[in-house]
Amino acid sequence: MSFRLRKFFRPNQKAAEKSGHTTEPLNSSLQKNLDALNNRTGYSSDIIIRKLEIEDNKKTKVAIIFVEGIVDSRSINDFLVHSLVSDGDLQDKQADQSVLDTIADKVVSVGIVNRIHDWKKLYESLMSGHTIILVDGMEQGLATSTKGGEKRSIEEPPTEISIRGPREGFTENIRTNTALVRRRIKNPDVRVKSMTIGQVTNTNVEIMYIEGIANKKIIQEVCDRLERIDIDSILESGYIEELIEDEPVSPFPTIHFTERPDVVSGNILEGRVAIFVNGTPFVLHAPSLFVQFFQSVDDYYSRAYIGSSLRFLRIMVFLISLYAPATYVAATTFHQEMIPTQLLIVLSAQREAVPFPAVVEAFIMEITFEILREAGIRMPKAVGQTVSIVGALVIGQAAVQAGIVSPAMVIIVAITAIASFTTPSYSMAIAARLIRFFLMVLAASFGFYGLILSFIVIIVHLCSLRSFGIPYMSPLAPFIPADFGDSIIRLPWWRDKKRPKLIGTNNTVRVGGNQEPGPPDSRDMKKKTRKGD
Amino acid sequence: MKANRLCTLVVFISTAFLSGCWSNQELPDLALVSAIGIDKTEDGQYMNTVQVINPGNVAGESRQGTGGTESPPVSTYMEKGNNMVQIQRQVSKKVSRRLYYAHTNLLVIGEKLVREEGLKNIFDALERDNEFRTNATVVIAQESTASELVKTLTPIDQVPAEKIVNTLKVTERMWGENLNVAIRDVLPDLVSSGKEPVISCFSMYGDAATGETLESIQETKPKARMMASGLGVFKDGKLVDIVQGDMSKGVIWALDEIKSTLVSVDWKEKQEAVVYEVIRQKTDVGAEVNKDGKGKITIDISVEGDIGETAVPISLKNPSILYDVEDKVEKKIKDNIQSSVKKAQDLQTDIFGFGDAIHQSNPKVWKEWEKEWDDVYFPELEINVTVDAFIRRTGLRNEPFLSSID
């Protein structure tokens with residue numbers, strides 16, 4: 001939402017608070033209440049007010065108020081309207097109770113029923129899909145949970161594909177999302193805390209952690225940071241991420257996000273805190289470490305050697321995606337002596353006809369590639385083919401044949417592009433994209449000297465980062481041997497027995513003794529006796 | 001406050017970039033020098049020939065693509081002058097690009113220059129320059145000028161410098177009459193009084209003038225060819241002799257540089273009938289000074305090899321025959337080495353580094369001998385060669401098929 005709009009909304013709201021609309025208690029007259037409601041909502045057409053008369057001795061007037069579209073109309077019809085209107089025995093049931101209590105206790109057959117005393121609570125409930133029941137002559141109302149409406153079904157997460165592993169992905173509905181995690185961890189220690197953020201949007205934000213595993217200080221820190229957010233709107237978890245991260249100016253992300261419930265489960269089991277935001281399938285979890293951005297779910301589901309080697313490969317490839325064009329530029333413009341003679345002859349034959357310096361050539365190709373990539377994401381799927389053809393022909397062939405770029409540069413850009421797709425985390429890959437251009441400038445002005453300097457600066461910067469108090473580069477720096485088992489390598493479960501030391505402070509042991517499997521001692525499958533059995 | 005700090009940071013960072021692209025050089029601005037040839041002219045000046053690679057003609061798409069007139073993979077430029085650096089700078093009048101010496105892997109020196117003046121005056125510039133690599137191979141142009149060698153085009157290896165270096169490397173491993181000597185191997189020998197350098201020679205045969213043209217390499221048998229010939233022996237930095245054939249092989253045996261070679265021995269009346277292929281060897285040189293004040297050098301060689309060929313019907317299953325062959329091989333190698341050492345003693349130049357061996361075993365004696373080592377003490381050395389040959393395998397056949405014929 002734009003800045004101006006925010007300014008426009010906030011004083012307005014304050015004025016509303018002053019005039020007493022929000023925190024003021026409800027009136028006893030139903031008509032007055034409804035008038036006030038209509039004034040506040042400006043007779044919005046999607047706010048439905050249904051007036052009823054119930055069959056008690058006084059023929060009490062009752063109003064049912066809900067927002068069409070975000071409620072489940074079937075449950076309103078069946079469990080509210082139908083029960084209220086056709087329940088002839090209301091008088092008998094009523095006994096000495098008030099009408100409202102009778103309705104709440106004996107008539108309404110809906111899961112959650114809350115009492116409402118003031119306008120603020122009323123609007124909150126109404127806007128989040130509850131149905132409000134107001135009774136004439138009562139200074140309070142009822143909010144019944146009838147949340148519903150259209151929502152996307154659970155699909156395979158498009159941004160995090162795995163070869164082996166569950167195919168479920170989060171949806172836009174926060175309750176579905178928390179349920180997906182609950183279904184995986186059937187334990188009462190899984191705690192969910194809810195809060196509302198966003199002055200205008202009143203977005204539901206929930207944090208989830210496992211009591212007894214998560215570090216209490218980190219939970220407190222997450223809550224504190226979320227509570228101090230003062231913004232008009234939260235439309236995606238990116239808003240939250242930007243408002244609570246440790247190092248807002250760093251290109252490296254300090255909060256990891258995922259679309260997969262199994263990733264969130266794994267993370268809260270290690271003692272992290274997950275932050276769910278209503279309206280987005282992306283769930284944040286904190287604290288996040290550098291190595292975490294190179295871990296994919298497949299590492300955990302495939303055998304340990306394969307998982308470890310792939311992780312190692314990803315980090316190597318990340319360095320390629322950072323340094324490949326810069327190294328090429330530095331080597332061909334400063335350090336020709338470092339290139340093997342035969343290769344240098346080939347390179348200089350290719351560069352012979354190219355009119356630009358190597359760095360300009362590199363920039364042309366890199367920027368062209370970024371344009372193509374951006375176009376590829378924004379484009380309607382139907383015209384996707386066109387861009388790939390144009391890209392392949394223009395960059396791959398025509399540019400080389402026209403002598404504008406050298407084939408070697410095309411190879412470098414291609415390998416860089418492919419390398420940048422191997423990083424599982426999009427936010428980390430995009431950081432590399434950004435830094436790459438700075439490195440190219442450094443390479444073009446200082447050669448390898450500049451590259452080594454930049455490498456040192458990047459390492460120092462990474463080591464200075466913290467995510468919710470946890471050093472970003474741990475377990476590498478500070479070096480924690482016990483945590484190394486699940487970092488750039490992954491030890492098998494029977495070897496990697498501890499949770500990350502700094503994150504799951506309370507409760508670190510996760511695997512019991514003697515878990516290493518092996519063949520039986522004899523052919524008749526006699527059980528192997530090991531130490532400690 | 002924060003803005004101030006940011007400004008300062010920006011200023012600091014931008015000062016770093018003020019130098020611009022210092023010492024940046026684009027590939028198309030460089031002329032890759034593959035070989036340098038140095039000759040002496042009649043008037044006593046140096047004549048340098050630089051071989052510059054035309055990358056487009058060596059590699060890349062353009063070679064097949066253009067289809068126009070084919071041009072040579074290298075061009076050569078010649079320049080005269082009194083010192084190396086002057087010549088190098090003067091060439092810029094003729095070349096459109098900066099000469100880039102980091103990939104030069106061959107230095108050719110004319111025979112006339114090394115015989116008359118020696119190596120000492122030309123190496124300083126090459127060693128001092130930060131671009132030129134001292135691991136470049138150095139060869140002597142035997143009976144021709146360096147410029148002829150550098151100008152000659154070669155088939156297979158498109159860059160002639162590569163041809164010379166690769167030929168040396170291959171023949172060093174296969175035949176053992178030549179050594180691939182780098183400039184940095186020569187320099188310590190020039191300085192040391194206990195060892196003199198040896199440098200391989202290359203010679204031209206055929207018509208040197210047509211070697212410069214593309215037509216030369218368009219034939220199956222080029223009109224001008226180059227081959228590794230002998231081994232140049234130096235004394236006080238000057239070439240004194242070029243040894244060839246078994247004589248140079250003996251030198252390389254004694255230097256412990258044989259990687260693999262052949263030893264052909266006679267069997268009864270038939271000359272060079274049994275061929276022994278050396279697969280590995282180790283040469284140890286020991287030095288001592290006798291009580292009578294004469295130096296004594298012991299050369300111990302242990303050789304391992306296979307039987308490569310027998311032109312006579314002998315049974316290789318018979319151990320006594322194998323012992324016979326081993327004895328003959330040992331004797332042949334021993335003769336080889338002894339005649340080479342004799343030759344060096346006649347030339348009064350210690351190319352084997354026996355002086356260094358004495359230096360290590362008897363440092364005190366060496367101090368007295370050092371001054372007159374080559375002229376007085378080296379020729380009087382007593383040389384003792386022992387060879388231990390061993391036949392590891394006899395190939396795929398024990399009984400030569402010749403024995404069935406008879």
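## Domains of chain A

In this predicted model, 12 residues of domain 2 of chain A are in contact with 16 residues of domain 3 of chain A. What classes do the residues on the domain 2 side of chain A fall into? Seven are nonpolar, four are polar and one is charged.

The two domains sit one after the other in the assignment: domain 2 of chain A covers 174-300, and domain 3 covers 306-464. Their centres, taken over C-alpha atoms, are 34 Å apart. The assignment also gives chain A a domain 1, at 14-145.

## Chain B on its own

Chain B has 406 residues, and 41% of them count as buried. Its secondary structure comprises 15 helices and 13 strands. Along its principal axes, the C-alpha trace of chain B spans about 90 × 60 × 60 Å.

How do contacts in chain B relate to the sequence? Take the contacts between residues at least 6 apart in sequence. Of these, 73% join residues at least 24 apart.

## Where chain B touches chain A

The two chains also meet. Here 22 residues of chain B are in contact with 19 residues of chain A. Which elements of chain B supply at least two residues each to the side that touches chain A? They are β1 (30-40) and α2 (55-58) of chain B. The largest share of that side, three residues, comes from α2(B).

By class, the side of chain B that touches chain A has 12 nonpolar residues, nine polar ones and one charged residue.

Definitions and conventions. Residues numbered from 1 in each chain as written. Chains lettered and ligands numbered in written order. Predicted model: local features only at pLDDT ≥ 70, side-chain atom pairs only at ≥ 80, totals over all residues. Domains from an automatic or database assignment. Contact = placed C-beta atoms within 7 Å. Nonpolar A, V, L, I, M, F, W, Y, C, P; charged D, E, K, R; others polar. Helix = DSSP H or I, 4+ residues; strand = E, 2+ residues; numbered from the N terminus. Buried ≥ 20, exposed ≤ 12 C-beta atoms within 10 Å, placed from the backbone.
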